[in-house]
Amino acid sequence: MHEDQVNELIRTLAPQVLGVLVRRGADFATAEDAVQEALIEAVRHWPDSPPDEPKAWLLRVAGRKLIDAQRAEAARRRREERVHDEPPPGPTEQADDTLLLLSRCCHPALSPASAIALTLRAVGGLTTAQIGRAFMVPESTMAQRISRAKRTITGERFDTPGDVRAVLHVLYLIFNEGFTGEISLADEAIRLTRQLAAATTPRAGTETAGARSVSPEPAGSGDPEIAGLLALMLLHHARRDARYTASNELVPLDEQDRSRWDTSMISEGVEVLQAALARDVLGQYQAQAAIAALHDDAPTAEETDWPQILEWYDELTRLTDSPVVALNRAVAVGQVDGPRAGLAVLADLDPKLARWDAVAAHLYERAGDVALAIEHYTTAAGRATSLPEHTHLIKQAARLRAAAQA
Amino acid sequence: MAKYLLLKHYRHNGPKPVPGTEVMMDQWTPEEITAHIDYMSQFAERLRERGEFVSEGALSPEGTFVRYDGEGRPPVTDGPFAETKDLIAGFMIIDVESQERAYEAAAELSAAPGQGGRPIYEWLEVRPFFAELQGTTE
């Protein structure tokens, strides 16, 4: 068949074929695309092997293209729907739903990163773009992480009572992400924990963001660990302005300008903590909050009540086998019983632990062993997991060297 | 606009350090380190203001080599190699008008104050990204 003949035939047949497809119920645009693709095939094949029935040929090929397109479209739509199914930005949910939503988002089947992303999106009301920026990943990556998380929890049980601990862990992780740009994840974590505390308080609605509880019923009376975590966050966050210099350098607790601590946040934290402790069901967040409160309470670093802090670390050691707790306890022992006692505690811990060298350096310095302190600060800097920590440890080594030379 | 990677090295196989600048940061005074850090963050801020900043990152000195070891087998690791000759400390990606501008920015970064407040004259490796194929290229 000559090319001109093919083109003429095609022009005649194309609208007929399209008509048949649309009449059979195909979407116009999709059918039109399918016909176009069939025409391309026709132009390629007809000159060499002309069909006996050109219209039937075109209809068959276009029909197949249409089915392919519909399959692809259906798959694409399923993917899109998963994205669009994301809960709308909150916090419009009823307070009672907060725990339910949170326990769904923080389901133990999810990886921490997925639970964090889903929580911030579904309960925190952040957009996928904002969450992506906060974690410095592309928006599409974050969208994918969220939709995968939703697929993971589909069909999972999520309303078991034990899940509140999983929720608290995720909120704690969000708090520790701190501040990475436009969104302060620490503020976000506090907001969510407040919401959870209010939702699990029998007299819901008496707790409002930023204001202290005036209700006789303490916040988070459902589980004192909720209040414990809220207190922990407040008591740490109160020091945020003093923790970093303008160029993002870390300022250790004993060198912080305590006048820059947020005193109203501290008193709120203490109040929330006392109400939680009064219920006499101790947990690790309450114990950590108690330690933070003792630090916050000291007008100067020298006036810190280390013996009481050490008691709380002993308590924490009974509650958790966290190596971080064990390391911090060694520091407290060093303050109470002297650096050599602290080093003796440290000797029983695994030197591979993150920050082991940093603690060793600090204790050697206090013990007056400058050479070993410099050595450990340098090792610790090499093993640091954040840039502010790395810089801080290098500076500690530098400070000791400079002092030794002077 | 073209993207360039500015690479900072802890150590490298490149040109010899400018005499008098060999002393590593952990031998500086705390004030010198602070001045250096301040300069670096101000430099990034200047690039942001000019609309040239893309991203930056600092890398931990210890790395490990990893490779595939066959179906169903765990990855093989080797290292850490803290003593390798070439060790990347960090990077900055910039999007600039020209190669000249990329070099100018690198030189500005290299002028960061070091020991005694003197510029560190650090050698930075400047690597252009492969560009997207132009729509008009045939």
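In this predicted model, A:Asp357 and A:Arg383 form a salt bridge whose closest N and O atoms are 2.5 Å apart. A salt bridge here is a side-chain nitrogen of Lys or Arg within 4 Å of a carboxyl oxygen of Asp or Glu. A:Asp357 lies in helix 17 (residues 356-366) of chain A and A:Arg383 in helix 18 (residues 370-383) of chain A, so the pair ties together parts that are 26 residues apart in sequence. Helices (H or I, at least four residues) and strands (E, at least two) are DSSP runs, numbered from the N terminus.

**Conventions**

- Residues are numbered from 1 along each chain as its sequence is written, while chains are lettered from A and ligands numbered from 1 in the order in which they are written.
- Because the model is predicted, local features need pLDDT of at least 70 and side-chain atom pairs count only at pLDDT 80 or more, whereas totals for chains, interfaces and linings use all residues; side-chain values use heavy atoms, with hydrogens and water left out.

**Salt bridges within the chains**

- Over all chains, the structure holds 22 salt bridges.
- Side chains of opposite charge can pair when their charged atoms come close.
- Buried means under 20% relative accessible area, exposed over 50%, and partly exposed in between (1.4 Å probe, protein chains only).
- A:Asp262 is paired with A:Arg240 in a salt bridge, with 4.0 Å between the closest N and O atoms.
- This pair links distant parts of the chain, 22 residues apart: A:Arg240 is in helix 11 (240-243) of chain A, and A:Asp262 is in the loop between that helix and helix 12 (263-277) of chain A.
- Both partners count as partly exposed, A:Asp262 with a relative accessible area of 24% and A:Arg240 with 33%.
- In chain B, a salt bridge joins B:Asp95 to B:Lys3, the closest N and O atoms being 3.8 Å apart.
- B:Asp95 belongs to strand 5 (residues 87-96) of chain B and B:Lys3 to strand 1 (residues 2-11) of chain B, so this pair ties together parts that are 92 residues apart in sequence.
- B:Asp95 is buried, at 18% relative accessible area, whereas B:Lys3 is partly exposed, at 37%.
- Salt bridges that share partners also join B:Arg50, B:Glu52, B:Arg101 and B:Glu104 into one network.

**The interface of chain B and chain A**

- Contact (heavy atoms within 4.5 Å) involves 15 residues of chain B and 13 residues of chain A.
- The area buried between the two chains is about 1,100 Å², and carbon and sulfur atoms give 64% of that area.
- B:Asp26, B:Pro30 and B:Ile37 supply 38% of the area that chain B buries against chain A, more than any other three residues.
- Buried area is the accessible area (1.4 Å probe) that two parts lose on being put together, summed over both.
- Across this interface the rule finds zero salt bridges, but three residue pairs are in polar contact (both at pLDDT 80 or more).
- Helix 1 (residues 30-49) of chain B gives the most to the side of chain B that touches chain A, with six residues.
- A polar contact is a pair of N or O atoms within 3.5 Å; within protein, one must be able to donate a hydrogen and the other to accept it, and residues adjacent in sequence count only if both atoms are side-chain atoms.

**The fold of chain A**

- Chain A has 19 helices and zero strands, and 46% of its 406 residues count as buried.
- In helix 16 (residues 339-347) of chain A, the residues A:Pro339, A:Gly342, A:Leu343 and A:Leu346 are buried.
- These residues cover an arc of only 100° around the axis, which puts them on the same side of helix 16 of chain A; the arc is that of the directions from the helix axis to the C-beta atoms.
- The buried residues of helix 16 of chain A pack against helix 15 (323-337) and helix 17 of chain A, while the face turned away carries the exposed residues A:Arg340 and A:Ala347.
- A:Asp296, in helix 13 (residues 284-297) of chain A, is buried at 8% relative accessible area.
- Not counting residues up to four places away in sequence, A:Asp296 touches A:Leu235, A:Arg239, A:Trp261 and A:Ile266.
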